[in-house]
Amino acid sequence: MTDDASIERNKQVVEAFVNDVAIAKRLDRLDDLVAVDYVQHNPHAGQGREGVREYFAGFHRAREKDLDPSGTIEVHLIGEGDLVVRHEIRVNGLHIDIWRVRDGMLQEHWDAWRSAPGYDPPAGS
Amino acid sequence: MAFGTGLRPAGGLVMAGAGPGGAAVSEPERLARNKRLVEDFLAVAHGDLAGLDRLGEFAAVDYMQHNPNIGQGLEGLRTFFTHILSLPPSERLDPAKELKVHLIAEGDFVVRHEIREDGLLINVFRIEDGLVKEHWDAFRPPPGGAIIHGLE
C-alpha cells in the first residue's frame, strides 16, 4: 500500500508538470518530470517525452484559449497508489487527467473532456 | 491560481470516524468502504428495474449531478437508469468491451477510471455521510469513434 508521503510526492510531480510545462511552457522541465518512454493515451499527442514536447510547443497552442488557467473554477488532485487524478472544473467544461507516476516522473497519461452545455469541444480534445 | 487538493489524511492510521457499533475506522478502511459503495451503487444502477428501488441505499436524495443528460437528485438517477435499462444492448455500454478499471480513492472522492475498447470513461464521485453525493463524468471516444449514448 502506498503511504501518504509518496502520494504527496506524486501530486507534487503532477502540479510541477501542470504549472511549469502546461501553463508556463517551460519545456526545459520535461527532462525532470516526464519519462522518456511516457505512454500517452491522448490520440492528439505523440508518444514519449518528445510527444509531450511537440504537443506543448505546437498543437497545444491552438487550444490555449480553451484551457487557459483564467477559466479554472476548481481543481481537485486525488491520489492513490501510483495514480494521480487531476479533476479540473472550468467555466467551459470539465477536464480530467489521470497520470501514473513512478520515481518522481510521469509515466503514463489518460484524459477526457466534457464540454459545458452549449460550448463546442476544443479541437483535438 | 491556487490548486485545491482533495482532502488528505494527516498520517497513516487516522481515526477517520466511527464505524458500526462505534468502533473507530482507519483511513484505509474508510477509503475501501467508499470504493465498495461506488461499486455497489453501479451494480444496482446497471442491474435490473426492481433493483433501482434500492438506489437510495447508495445515493443521497439530493445527489448533485454534473452530467447534463441526467436529472438531479435520486429521482434523476432513477429516471436515467430506468431509461438505460429500456434500451437495446446495441445502445448501451457493452460490458464485454471493458478492458480495465481502476478505482482511485482519496479524501471524499472515488474516481473510476474505465479503459474500454470503445473509449475511456472517467467517473468522479464525492461521498458524504456514507452515500454518493455528487457526480462528474467525462468520456474520450477512440480516434474516429462515436460518443456512446448518455455520455455526450
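In this predicted model, helix H1 of chain B covers residues 27-45, and its 19 residues should span 27 Å at 1.5 Å a residue.

The aromatic side chains come next. Over all chains, the structure holds 7 aromatic pairs. One of them joins A:Tyr55 and A:Phe56, with ring centres 5.2 Å apart and an angle of 85° between the planes. That pair is edge-to-face, because an angle over 60 degrees counts as such. A:Tyr55 has a relative accessibility of 9% and therefore counts as buried; A:Phe56, at 7%, is buried too.

In chain B, the rings of B:Phe109 and B:Trp136 have centres 6.2 Å apart and planes at 45°, so this pair is tilted. B:Phe109 belongs to strand S5 (residues 109-116) and B:Trp136 to strand S7 (residues 131-140), so the contact ties together parts of chain B that are 27 residues apart in sequence. B:Phe109 counts as buried at 6% relative accessibility, and B:Trp136 is buried with a relative accessible area of 5%.

Back in chain A, A:Tyr55 and A:Phe56 form one aromatic cluster together with A:Phe17 and A:Trp99.

Terms used. Residues are numbered from 1 along each chain as its sequence is written. Chains are lettered from A and ligands numbered from 1 in the order in which they are written. This is a predicted model: local features need pLDDT of at least 70, side-chain atom pairs count only at pLDDT 80 or more; totals for chains, interfaces and linings use all residues. Side-chain values use heavy atoms; hydrogens and water are left out. Helices (H or I, at least four residues) and strands (E, at least two) are DSSP runs, numbered from the N terminus. The expected span of a helix is 1.5 Å times one less than its number of residues. Rings of Phe, Tyr and Trp (its six-membered ring) pair if their centres lie within 6.5 Å; planes under 30 degrees apart count as stacked, over 60 as edge-to-face and the rest as tilted. Buried means under 20% relative accessible area, exposed over 50%, partly exposed in between (1.4 Å probe, protein chains only).
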